[in-house]
Amino acid sequence: MTTMRLRRSLRKDLETTAARTRRSVADVAQELLDEALRMRQCPGIYFADEPSGRTAKIGGTGLGVWEVVRDFSRNQNAGRIRKAFPQLSQAQVTAALMYYARYRDEVQAKIDANAALAPESIERQYPGLVHFSR
């Protein structure tokens, strides 16, 4: 356990965020510190709120790391990323791959959660719920 002295303005901002998100100040501070360290370890990555929670994203885009590395995770082919996302610079692709290398389990969990929402997956789980039109 570590005790820290914080500037009043920082403490107030943490308290405001904690109240808005209905979490403790300690939880908010830990999340922010974790994200700051990850952004320092993986330049070019930032975090944003998504309906599924906080998500690592590629700087200069609205793309989540999981979206960009989804196909790469299957066959480890970085060329597929450049082909699928030609708008990304090499630095952005590198940032995504660096984050994936460090936090593979977290990114894979996002990939798996998204795959579970595909119509084919829902049809397998709940036959007759989804109607495919051709």
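Which element supplies the largest share of the lining of the largest pocket? Helix 2 does, with six residues. The legends below describe close-up views of a predicted model.

**View 1. The largest pocket and its lining.** The space in this pocket amounts to about 380 Å³. Its lining consists of 14 residues, and those nearest the centre are Met-4, Leu-6, Leu-14, Ala-29 and Leu-33. Helix 1, spanning residues 8–21, and helix 2, spanning residues 25–41, each supply at least two lining residues. Of these two elements, helix 2 provides the largest share of the lining, namely six residues. Sorted by class, the lining of the largest pocket comprises ten nonpolar residues, three polar residues and one charged residue.

**View 2. The second largest pocket, lined by residues that include Arg-20, Glu-31 and Arg-54.** About 160 Å³ of space lies in this pocket. Its lining is made up of Thr-17, Arg-20, Thr-21, Arg-23, Val-28, Glu-31, Leu-32, Asp-49 and Arg-54. Two or more of the lining residues come from each of helix 1 and helix 2.

**View 3. The hairpin of strand 1 and strand 2.** Strand 1 covers residues 45–50 and strand 2 covers residues 53–58; the two run antiparallel and are joined by six bridges. Two residues lie between the strands of this hairpin. Within the pairing, Tyr-46 has Lys-57 of strand 2 as its bridge partner. As a general point, side chains in a regular strand alternate between the two faces of the sheet.

**View 4. The largest nonpolar core.** This core contains 23 residues, among which Ile-45, Val-65, Val-68, Val-69, Ile-81, Tyr-99 and Val-107 touch the most other members. At least two core residues are supplied by each of strand 1, strand 2, helix 3 (65–69), helix 6 (90–102) and helix 7 (104–115). Helix 6 gives the most to the core, contributing six residues.

**View 5. The surroundings of Ile-45.** With neighbours within four places in sequence left aside, Ile-45 is in contact with Met-39, Ala-56, Lys-57, Ile-58, Val-65, Ala-95, Ala-96 and Tyr-99.

Key
Residues are numbered from 1 along each chain as its sequence is written. This is a predicted model: local features need pLDDT of at least 70, side-chain atom pairs count only at pLDDT 80 or more; totals for chains, interfaces and linings use all residues. Side-chain values use heavy atoms; hydrogens and water are left out. Two strands pair if DSSP finds at least two bridges between them. Helices (H or I, at least four residues) and strands (E, at least two) are DSSP runs, numbered from the N terminus. On a 1 Å grid over the protein atoms alone, a cavity is a set of points where a 1.4 Å probe fits but cannot get out, and a pocket is an open set with protein on both sides within 12 Å along at least five of seven lines; lining residues have an atom within 4 Å of a point. Grid points are joined across faces, edges and corners, and a volume is the space filled by probe spheres set on the points. Ala, Val, Leu, Ile, Met, Phe, Trp, Tyr, Cys and Pro count as nonpolar, Asp, Glu, Lys and Arg as charged, and the others, Gly among them, as polar. A nonpolar core is a set of buried Ala, Val, Leu, Ile, Met, Phe, Trp, Tyr and Cys residues joined through side-chain atoms within 4.5 Å. Buried means under 20% relative accessible area, exposed over 50%, partly exposed in between (1.4 Å probe, protein chains only). Contact means heavy atoms within 4.5 Å.
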